[in-house]
Amino acid sequence: MSIRHGLLALLAAGPRYGSRLRTDFETRTGGTWPLNIGQVYTTLGRLERDGMVAQDDVDAAGRTLYALTEAGRAELRSWYDRPVERADPPRDELAIKLVMALGADGVDVREVVEAQRRHVARVLHDHVRQRAEALARAPERPEEMARLLVLEQLVFQAEAEVRWLDHCEARLLRFTCEEEPPGREQPEA
């Protein structure tokens with residue numbers, strides 16, 4: 001997730017202070033990706049260092065307002081224009097867990113898969129319920145539509161994870177069947 005570009009996008013609408021950026025980011029993403037205020041200020045510091053934002057003014061409460069610079073506007077336009085790169089996928093903890101569980105003493109990787117499947121099924125159920133509630137309210141404002149889009153992405157990701165877990169289970173079943181030592185005959189029924 002690009003907090004950097006999200007903050008630039010919010011600043012395109014006008015100067016804001018850090019905690020307002022945090023609130024606006026969380027509202028815009030439907031509360032799905034909460035931000036630590038430290039992340040916001042660290043990111044603002046880097047954006048300022050890179051010439052993409054500048055301290056603009058101080059509001060009546062004494063909070064520093066940040067504004068987008070021309071370099072920031074150019075970076076934001078460039079971000080909107082380019083596709084999100086998927087060539088170097090991030091390390092996925094579940095994939096790492098499954099590959100480490102293979103052959104680990106005392107670990108049944110199929111149980112690891114099943115535990116994850118139960119968890120994802122609960123998460124999927126929750127996302128589907130939230131999506132249904134959002135659809136029932138018929139989104140009218142941009143932040144309502146944004147929440148719906150984020151919820152739908154979460155539903156699709158959970159569905160994809162369930163399909164992948166099903167695939168892993170089938171692959172593991174074939175693997176363990178192939179591992180049976182040759183010459184060991186199964187008893188006849």
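Me: What should I keep in mind before I start?

Reply: Residues are numbered from 1 along each chain as its sequence is written, and side-chain values use heavy atoms, with hydrogens and water left out. As this is a predicted model, local features need pLDDT of at least 70 and side-chain atom pairs count only at pLDDT 80 or more, while totals for chains, interfaces and linings use all residues.

Me: Which residues of helix 5 are buried?

Reply: Helices here are DSSP runs (H or I, at least four residues), numbered from the N terminus. Buried means under 20% relative accessible area, exposed over 50%, and partly exposed in between (1.4 Å probe, protein chains only). Helix 5 spans residues 93-101, and its buried residues are Leu 94, Leu 98 and Ala 101.

Me: Why do they line one face of the helix?

Reply: An α-helix has 3.6 residues a turn, so residues three or four places apart point the same way. In helix 5, the buried residues fall within an arc of 65° seen down the axis, so they line one face; the arc is that of the directions from the helix axis to the C-beta atoms. The face turned away from the buried side carries the exposed residues Glu 93, Val 99 and Met 100. Met 100 counts as exposed because its relative accessibility is 59%.

Me: What caps the N-terminal end of helix 5?

Reply: Asp 92 does: one of its side-chain oxygens lies 3.0 Å from the backbone nitrogen of Leu 94. After the helix comes Gly 103, with a positive phi near 80°.

Me: How do I read a positive phi elsewhere?

Reply: Most residues other than glycine have a negative phi. Ala 138 is not a glycine, yet its phi is positive, about 45°. You will find Ala 138 in the loop between helix 6 (109-136) and helix 7 (142-178), where it is partly exposed at 41% relative accessible area.

Me: Which residues make the nonpolar surface patch?

Reply: Nonpolar side chains (Val, Leu, Ile, Met, Phe, Trp, Tyr) are joined within 5 Å, and like charges within 9 Å. Here Ile 96, Val 99, Met 100, Leu 102 and Phe 175 make a patch of about 480 Å². Helix 5 gives the most to this patch, with three residues.

Conventions: Helix = DSSP H or I, 4+ residues; strand = E, 2+ residues; numbered from the N terminus. Polar contact = N/O pair within 3.5 Å; in protein donor to acceptor, adjacent residues only side chain to side chain. Patch = residues over 30% accessible without salt bridge, like charges linked within 9 Å, V, L, I, M, F, W, Y side chains within 5 Å. Areas by Shrake-Rupley, 256 points an atom, 1.4 Å probe, with all protein chains shown as cover. Salt bridge = Lys/Arg side-chain N within 4 Å of Asp/Glu carboxyl O.
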